[in-house]
Amino acid sequence: QISYNAHTHIITSIARTLTHIYTYTHTLQKTMTTSPSTSELVTFANELADAARKVILPFWRQPIEIESKIEHDRPIAESPVTIADRQAEETMRSLIESRYPSHGIYGEEYGQIRTDATYVWVLDPIDGTKSFITGKPLFGTLIACLKDGVPIIGVIDQCVLNERWVGVVGEGTTLNGKVVTTSGCGKLKDCMMYATTPHMFADGEEGDKFNKMCNSVLRPLYGADCYAYAILASGFGADVVVEADLGLYDYCALVPVVEGAGGVMTDWCGRRLTLENHERSKGRVVACANGGLHKESIAILGETWSEESFVVSFFREKFMYLAVGIGLGVALSRPRN
């Protein structure tokens, strides 16, 4: 037999539980049905960057265990990862799940969830881990907010130098709260061009295109990772950035920063950099300080990247198999002595 006090306690516990369930459901429903404003999303993106800073800075220039990720199908098969990368992404993902449980997440270290959602957050906790582990302050935390697969907000946060670029498509780009714009020279032959490394371009047409770009600019420069896009957006002297073999998390945050500052950033064929286009673009990106430089760059980089070349290669392959089949058929049909 249950005492009166015990009975009252059970009823109270059930009521409290139902209240929590109702509150959570109501909050979730409100979040799912109400589109957040751009300013709200920008504020939250800054909160994510602040949280990532708190995780990353204690590991800066300290002994840290480094693991290797191996991807044999990439021009550079090995890439390093540290506890700082993983903990920073974990922290940001936790904040997103708490604030916007209906939003998608696409992260470098922990993969994808709900990428068909209206809003998707794309995270690279430390872009430029090789710089980070060697004490070079040219890495950055990359945070992008996509709406319907298109980057609308981007953050490049360099926690060591206390520099943060925030780009909003259609509204502008700031560096530590001050508006920045691209400058850029008028012709490709006068340009300073960045790439993280010449080894990121695959042998063959991709590498040939990059070499042609190197021969077309005043100076090719290397080693800045995401920082190159930041200085391009700020008008500090970089005019063009050309890269390949990038993941979605490597470039989504860069697009609003570059475009918000007045630059142009697309794939090598001039297509928009979106969630939907990622496989088609194959991680090949070009960022330019102005439209004239972009037009010149695309003329080189996109010259033969076309659907026709795919069709030609497709039929060439099929013809080869057909020729082999005919040859075998003829050989087998010959009468034996």
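A: Helices (H or I, at least four residues) and strands (E, at least two) are DSSP runs, numbered from the N terminus. This is a predicted model, where local features need pLDDT of at least 70, side-chain atom pairs count only at pLDDT 80 or more, and totals for chains, interfaces and linings use all residues. Residues are numbered from 1 along each chain as its sequence is written, and side-chain values use heavy atoms, with hydrogens and water left out.

Q: Where does arginine 114 lie?
A: In the loop between strand E4 (111–113) and strand E5 (119–127).

Q: Does arginine 114 count as buried, exposed or partly exposed?
A: Arginine 114 counts as partly exposed, at 27% relative accessibility. Buried means under 20% relative accessible area, exposed over 50%, and partly exposed in between (1.4 Å probe, protein chains only).

Q: And what about phi of aspartate 225?
A: Aspartate 225 has a positive phi of about 50°, and it is not a glycine. Aspartate 225 sits in the loop between strand E12 (219–222) and helix H6 (227–234). Its relative accessible area is 16%, so aspartate 225 is buried.

Q: Which residues of H3 are buried?
A: Ala84, Asp85, Ala88, Glu89, Met92, Arg93 and Ile96. Seen down the axis of H3, they fall within an arc of 155°, so they line one face of the helix. The arc is that of the directions from the helix axis to the C-beta atoms.

Q: How do H2 and H3 pack?
A: Helix H2 (residues 38–56) packs with H3 at an angle of about 150°, and their axes are 9 Å apart. That makes H2 roughly antiparallel to H3. Angles under 35 degrees count as roughly parallel, over 145 as roughly antiparallel, 65 to 115 as roughly perpendicular and the rest as oblique. Axes are lines fitted to C-alpha atoms, for helices over the stretch in contact, and angles run from 0 to 180 degrees between N-to-C directions.

Q: Last one. Where is glutamate 78 found?
A: In strand E2 (residues 78–82). Glutamate 78 counts as partly exposed, at 31% relative accessibility.
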